[in-house]
Amino acid sequence: MSRISPLQNAHNKGLFGDYQEKNEGNLLKIREITDVNIYQVVQYKKSSVATSNIQLGSIKLPANAAEVSVDGQTRVQWFAPRSWIIFSNDNNISSVIENTFNNEDFAVTDVSHSRAIIQIKGEDALNVLKKGCPINFNEFKKNNCVNSVYHGITISVDMIDDSPLTFNLMALRSFSESFHHAITDAALEYGYSGQ
Amino acid sequence: MLEIKCPYCGKRSQNEFAYGGDATVKRPELNKEVPDEEWDTFVYYRKNPRGNHLELWHHISGCRQWFKAKRNTATHEIIDTFELSDDIGDAS
């Protein structure tokens with residue numbers, strides 16, 4: 001079954017905002033990330049399995065708040081105590097997850113269809129985030145993640161890279177168009193390239 | 001910006017949190033005959049202290065965890081926060 005992009009009616013390609021007389025290569029880039037497999041893994045309270053010993057392929061589950069473990073096509077975010085979010089472009093990830101997390105100790109939910117991810121890339125990405133989110137992004141480092149709010153919309157921020165600054169911003173699908181509007185509206189001041 | 005220390009995530013802006021009520025209220029025991037008056041007290045009656053108060057808070061836009069916070073209702077200072085499983089006695 002093919003996926004319908006949450007932002008297919010909202011996200012436009014092209015140049016927007018104050019982009020004139022600026023080098024297009026340095027402009028903020030905004031695009032929707034689609035076709036990513038997203039799984040939520042929660043360890044049951046009754047479970048006594050030590051998650052520090054669990055490996056998803058070659059990735060260890062992050063143990064502390066704000067940590068992301070990365071390996072090639074797969075990223076695992078710390079979401080909450082005993083709870084993680086797995087992002088992967090690997091189409092075999094579901095079988096890897098099934099083999100890694102047993103039904104008695106973990107609840108695994110495929111949330112790929114219920115989330116929207118917007119990627120913002122460029123030096124102004126930090127300014128766009130600071131306009132609507134209360135997190136201190138000056139202390140944010142590559143492969144850090146955080147759950148927070150952006151203009152009242154609950155989001156998850158994942159710092160993919162620090163040069164150029166690249167953030168993946170995930171929101172619930174039902175909020176995706178409002179969230180896209182909030183992000184692009186904040187980006188108009190700097191000019192952005194919709195991709 | 002008022003910050004609240006989530007026991008799991010650390011200090012975060014208060015607009016990521018939701019107030020969840022008085023943390024000192026005890027639900028009547030399960031599978032026991034409960035007089036109307038006891039239910040009435042459990043459901044409706046709350047103390048309204050001036051000073052330290054133990055409250056439930058929810059990090060609703062963060063880690064989605066419930067926790068307890070000791071807050072001064074006169075100064076709004078949040079003195080400390082605790083995991084739900086922590087046995088911390090009363091608020092004083």
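Modeller: The cut-offs are under 20% for buried and over 50% for exposed, with partly exposed in between (1.4 Å probe, protein chains only). This is a predicted model, in which local features need pLDDT of at least 70 and side-chain atom pairs count only at pLDDT 80 or more, while totals for chains, interfaces and linings use all residues. Residues are numbered from 1 along each chain as its sequence is written, chains are lettered from A and ligands numbered from 1 in the order in which they are written, and side-chain values use heavy atoms, with hydrogens and water left out.

Biologist: Which residue forms a salt bridge with K131(A)?

Modeller: A salt bridge is a side-chain nitrogen of Lys or Arg within 4 Å of a carboxyl oxygen of Asp or Glu. Here the partner of K131(A) is E189(A), and the closest N and O atoms are 2.8 Å apart. The two residues are 58 apart and link distant parts of the chain: K131(A) is in helix 2 (residues 125-132), and E189(A) is in the loop between helix 3 (176-187) and strand 14 (192-194) of chain A. E189(A) counts as partly exposed because its relative accessibility is 48%.

Biologist: How many helices and strands does chain A have?

Modeller: Helices (H or I, at least four residues) and strands (E, at least two) are DSSP runs, numbered from the N terminus. Chain A has three helices and 14 strands.

Biologist: What does the radius of gyration of chain A agree with?

Modeller: The radius is taken over C-alpha atoms, and the globule rule is 2.2 Å times the number of residues to the power 0.38. For 195 residues, a compact globule would have a value near 16 Å, so the 17 Å of chain A agrees with the rule. The C-alpha trace of chain A spans about 60 × 40 × 30 Å along its principal axes. Of its 195 residues, 48% count as buried.

Biologist: Which residues of chain A does a cis peptide bond join?

Modeller: Most peptide bonds are trans. In this model a cis bond joins S163(A) and P164(A), with omega about -5°. P164(A) lies in the loop between strand 12 (153-162) and strand 13 (165-172) of chain A.

Biologist: Turning to chain B, in what order do its elements run from the N terminus?

Modeller: The order is β-β-β-α-β-β-β, which is one helix and six strands. The C-alpha atoms fill a box of roughly 45 × 30 × 20 Å along the principal axes. Chain B has 92 residues, and buried residues make up 34% of them.

Biologist: How many salt bridges are found over all chains?

Modeller: The search of the whole structure finds seven. One of them pairs D80(B) with K5(B), the closest N and O atoms being 3.9 Å apart. This pair links strand 6 (residues 78-83), which holds D80(B), to strand 1 (residues 3-6), which holds K5(B), 75 residues apart. D80(B) counts as partly exposed because its relative accessible area is 31%, and K5(B) counts as partly exposed because its value is 41%.

Biologist: Are E55(B) and R71(B) buried or exposed?

Modeller: Both are buried. Their side chains meet in a salt bridge of 2.8 Å, N to O. E55(B) is in strand 4 (residues 52-58) and R71(B) in strand 5 (residues 66-72) of chain B, 16 residues apart.

Biologist: Which residues other than glycine have a positive phi?

Modeller: Most residues other than glycine have a negative phi. Among those with a positive value are R64(B), with phi near 60°, and H76(B), with phi near 65°. R64(B) lies in the loop between strand 4 and strand 5, and H76(B) is in the loop between strand 5 and strand 6. R64(B) counts as partly exposed because its relative accessibility is 34%.

Biologist: Which residues make a nonpolar surface patch?

Modeller: Patches are made of residues with over 30% relative accessible area and no salt bridge; like charges are joined within 9 Å, and nonpolar side chains (Val, Leu, Ile, Met, Phe, Trp, Tyr) within 5 Å. The areas come from the Shrake-Rupley method with a 1.4 Å probe, and for residues only the protein chains shown count as cover. W39(B), V43(B), Y44(B) and Y45(B) make a nonpolar patch of about 470 Å². V43(B) lies in helix 1 of chain B and counts as partly exposed because its relative accessibility is 42%.

Biologist: Which residues form a negative surface patch?

Modeller: Lys and Arg count as positive and Asp and Glu as negative, while His and the chain ends are not counted. The place of a charge is taken as NZ of Lys, CZ of Arg, CG of Asp or CD of Glu. The negative patch is formed by D36(B), E37(B), E38(B) and D40(B). E37(B) is in helix 1 (residues 36-44) of chain B and counts as exposed because its relative accessibility is 66%.
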